[in-house]
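This report describes selected elements of secondary structure and the way they are arranged.

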Amino acid sequence: MAIDPICGMTVDETSSLHAERDGIIFYFCCAHCRQKFLSTPASAKQAERPQGSAIYTCPMHPEVQQDHPGDCPKCGMALEPKTLTAGTDDAENAELRDMTMRLRVGAALTLPVFFLAMAHLIPALAQQDWPDSHISRWMQCALTTPVVFWAGWPFFRRGWRSVVTGHLNMFTLIAMGVGAAFVFSAVAMLLPDLFPHTMQHGGKVAIYFEAAAVIVILVLLGQVLELRARDRTGSAIKALLNLAPPTARQVAPGADHEIPLDQVKPGDWLRVVPGDKVPVDGVVVEGHSSVEESMITGEPLPVEKTVGDKVTGGTVNGPGSFVMRAERVGSDTLLGQIVNMVAEAQRSRAPIQGLADKVAGIFVPVVLGVSVLTFVLWMWLGPEPKLSHAIVNAVAVLIIACPCALGLATPMSIMVGVGRGAQEGVLVKNAEALERLERVTTLVVDKTGTLTEGRPRLMDVLPAPGFDAKEFLRLAASLEQASEHPLAAAIVRGAKEQGIVLEAVTDFRSVTAGGVVGTVASRGVMIGKPEFLRAEKIAGTEPFEVSAVRLQDEGKTAMFVAIDGKPVGILAVADPIKSTTPEAIRELHALGLKLVMLTGDNRRTAATVAKQLGLDVVEAEIEPAGKVSYVRQLRAEGQHVAMAGDGINDAPALSEADVGIAMGTGTDVAMQSAGITLVRGDLRGIAKAIRLSRATLRNIRQNLFFAFLYNALGIPLAAGLLYPVFGWLLSPIIAGAAMSLSSVSVISNALRLRNAKL
């Protein structure tokens, strides 16, 4: 990345906008900056980026990035940290503290100015001369000057920069409006003879110091309220950051000692005592305990942890104590990845924002044109004093038309919506995924690990009559402990859960897609498909195949067992449907989605699961490439498709869908391919994500409608459109209040998403 030497923006060095001087290549954010660089050699200087840990960006223009606080060269808003850390609160609140101080001091000075200017409207003071005396006018000037040029200085600085960089914005209009009111008043007081007699009353020309001062205070008030509201939009990330402890107990010879969390390195041994939070991701190397992992799984029950088990940073240790080896630290931890994903999503731009960007791009020049036209028409057609009316109404147009509400409409809703989703375990990769999810009509889901638990269980032990069930399972499980197949692991777990002690295996042999053979306690044992047993010269499986069909109809996988050359029974293994899946399916149907299951499992098992859950379409025995083709076909038919999966084999289909949804309990590849990640691996999270997308997009449309309506009504009123009919004029003070109120209203509406029911 490079720095634009004109406006200071961070620019990608692949930009086609560049120029060379003294052997150095400079890059520019826009053609205007490049042209200014070429036309004014004296102002050009090499911009070297200092090294810094924090990157600051604009909430309305995320492409603006720099390594120090400042103002956005496009919209003038204060930049804020791109990613919050435990130490960014002070930097983040510096702008709020500065604006608050300017507001308090400015308001204290403005109050007497407003009283002096309005004293003639108070019946008890209307007949007195002092409200319009020279002393009163000079007091207004003296008190207004620091309000305008100190309290309002940030607005003039940002307004001037907008002119220099060619990015006209709301501060351009504020600076021009306030500056015009102050300069007119100062000239009217110091040089009244410059004005025509029609504007003079007793040798005095009307002044508008109170308008300039009150507008500054109202804009400051709006900025303070806006900064406070924007601060609350980051509450979700702050809550996530607070899950990690500030320190860790490092195991050292002699005695443990505490170190800051950011000093923990991979490989460090850390002690976690009862009640502590696990500091980073790692593996237990000593001791045992139970850890509450609800932040990941959503389950309140603690999970037992012993040597070799993985633990996750931010989870809460129970009554035991253990030593862990740090494996992933800092931003590499699961919590760090979640924080980074949420922060990136909050800064991303939704396609719907393109409408606001197009309007904002031409808005300020149009407003300046309307202001000039207002001035001309009042000078030509208006009543006396024409100049005063022309200036007041032109200033009112400049003030009321500030496009801040329009610019904030989309990013504020995205920031709050993404944060709200994170609180519910729904991680949004970018705003585009959130917008696309709202339009989804068809949801495609994988079976294993998405609808089901993804961990097969031993469901049925069916030995032949007269054969002891425990002995049958002991011999079968002893053989399967030498196999790496998931179904074999399910049989071994089932035997151990019943307290069965397993025997050693000899002469073990595995046949791919067939079965396994070996010797257990001097007895020949064989497990597999009936075709495999027949190939191994085992006859008499037919009576058991009838039972196998029934088991398969129940969604189970049947494995035939032979001992000493004779078939002696069946073991049935199934991948149980998650307890939350039926409820999730009902919620998704209620949201109007068509549900399709794509799986590589056999058709009978897949059909059974689909029937139990009430799915609309099922496609079984389908390869990963087939999943991609199926999703592509649905999109070609005009369907808006979301795909949910958790395995590496799902990643291509997740990328092909309009929106990919990864189960957080699955693989990293699936999560990287998806636009939405469900941290808890719970299918109900998809329903939450869809409700979130619909609520967020509805909120954005409300904000845009309000912003457009506000300007559509406000500008004509400020220009004096109703004066010929009703005699109504909009004071610049009222225009300033309305402008600030519009921005605060948009942010307040966005903040309602924090309480959205998902």
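Predicted model: local features only at pLDDT ≥ 70, side-chain atom pairs only at ≥ 80, totals over all residues.

Gly 645 stands opposite Ala 662 in β29.

## Three-stranded sheet

Another open sheet has 3 strands in the order β6-β5-β7, with antiparallel pairing. The edge strands here are β6 (65-66) and β7 (80-81), each of which pairs on one side only.

Strand β5 (residues 56-57) pairs with β6 in the antiparallel sense over 2 bridges. Thr 57 stands opposite Gln 65 in β6.

## Packing of α4 and α5

Two packed helices are described by the angle between their axes and the distance between the axes. For helix α4 (residues 153-165) and helix α5 (residues 170-190), the axes come within 8 Å and cross at roughly 120°. The two helices are therefore oblique to each other. The crossing in which α4 passes α5 is left-handed.

On the α4 side, the contact is made by Phe 155, Phe 156, Arg 158, Gly 159, Ser 162 and Val 163; α5 contributes Phe 171, Thr 172, Ile 174, Ala 175, Val 178 and Gly 179. Sorted by class, this contact of α4 with α5 has 7 nonpolar, 4 polar and 1 charged residues.

Key
Residues numbered from 1 in each chain as written. Heavy atoms only, no water. Axes fitted to C-alpha atoms, helices over the stretch in contact; angles between N-to-C directions. Helix = DSSP H or I, 4+ residues; strand = E, 2+ residues; numbered from the N terminus. Parallel < 35°, antiparallel > 145°, perpendicular 65-115°, else oblique. Left-handed = near helix turned anticlockwise from the far one by under 90°. Contact = heavy atoms within 4.5 Å. Nonpolar A, V, L, I, M, F, W, Y, C, P; charged D, E, K, R; others polar. Pairing = 2+ DSSP bridges.
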